[in-house]
Amino acid sequence: GFGPLDMTVCILGSPTAFLPVLLEGGSRCPGAMVLCLSPAWASRVPSETSPGAWSLLLSRGVSFEAGGHSALETFVPPRRANYVTGTFVAGGPESGWVGELARDLDCPMGGSVPLARRLEDPLVTRWVLAARASLPVPPTLAFVLGPGGHLPVDPAPPGVRLVRLEDPQGQESLVQEE
């Protein structure tokens with residue numbers, strides 16, 4: 001029962017991973033799926049409903065219709081995104097502008113740059129699987145520079161040995177010993 005003016009699902013960045021979602025969404029709710037390929041097509045404005053948050057307004061986008069049809073549209077007035085996801089791959093070519101547009105939004109989101117960083121870190125993944133889910137992980141010896149603030153504060157789980165190095169210089173004997 002929703003139309004394109006009632007709901008806008010926005011995909012920020014490359015459509016590669018989201019093409020099936022865009023096509024199916026276009027069939028089920030024509031015009032509601034909008035692909036934003038450029039930071040110039042969107043703007044952030046202070047949220048009217050959530051103090052300290054932002055609303056994402058789209059001035060242009062590729063909308064998807066039934067049958068896989070798509071069209072580049074200009075939205076006057078700009079359309080407000082009701083749900084946002086995108087290519088939050090850490091270090092990816094679009095992660096900078098995608099992450100900036102998606103930061104602190106007032107609508108539900110399907111990811112974030114910090115979440116992508118955590119999911120792509122094999123040490124954090126092993127740590128969570130072993131400590132929180134009690135799943136066996138391959139024996140792991142990890143050297144971490146500094147405090148390792150990206151790691152959970154829990155004690156090291158079984159199968160994971162963490163060695164913190166303050167400075168890689170002069171600690172060759174510690175590395176050899178471990």
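The side chains of D104 and R103 meet in a polar contact of 3.4 Å. Keep in mind that this is a predicted model, with D104 placed in the loop between α2 (95-102) and α3 (113-120). Is D104 buried, exposed or partly exposed? Its relative accessibility is 44%, so D104 counts as partly exposed.

Leaving aside residues up to four places away in sequence, D104 touches A53 and W54.

On to the cysteines. A disulfide is a covalent bond between the sulfur atoms of two cysteines. How many turn up in a search of the whole structure? The answer is 0. Take C107: the closest cysteine sulfur belongs to C10 and sits 8.4 Å from the sulfur of C107, so the two are too far apart for a bond. The cut-off for calling a disulfide is 2.5 Å between the sulfur atoms. As for accessibility, C107 comes in at 9% and therefore counts as buried. C29 is buried as well, with a relative accessible area of 12%.

Last stop, the surface. L141, F143 and V175 make up a nonpolar patch there, and together they have about 220 Å² of accessible area. One of the three, V175, is part of helix α5 (residues 172-177). V175 has 35% relative accessibility, so this residue counts as partly exposed.

Technical notes. Residues numbered from 1 in each chain as written. Predicted model: local features only at pLDDT ≥ 70, side-chain atom pairs only at ≥ 80, totals over all residues. Heavy atoms only, no water. Patch = residues over 30% accessible without salt bridge, like charges linked within 9 Å, V, L, I, M, F, W, Y side chains within 5 Å. Areas by Shrake-Rupley, 256 points an atom, 1.4 Å probe, with all protein chains shown as cover. Salt bridge = Lys/Arg side-chain N within 4 Å of Asp/Glu carboxyl O. Helix = DSSP H or I, 4+ residues; strand = E, 2+ residues; numbered from the N terminus. Buried < 20%, exposed > 50% of the residue type's maximum accessible area, 1.4 Å probe, protein only. Contact = heavy atoms within 4.5 Å. Polar contact = N/O pair within 3.5 Å; in protein donor to acceptor, adjacent residues only side chain to side chain.
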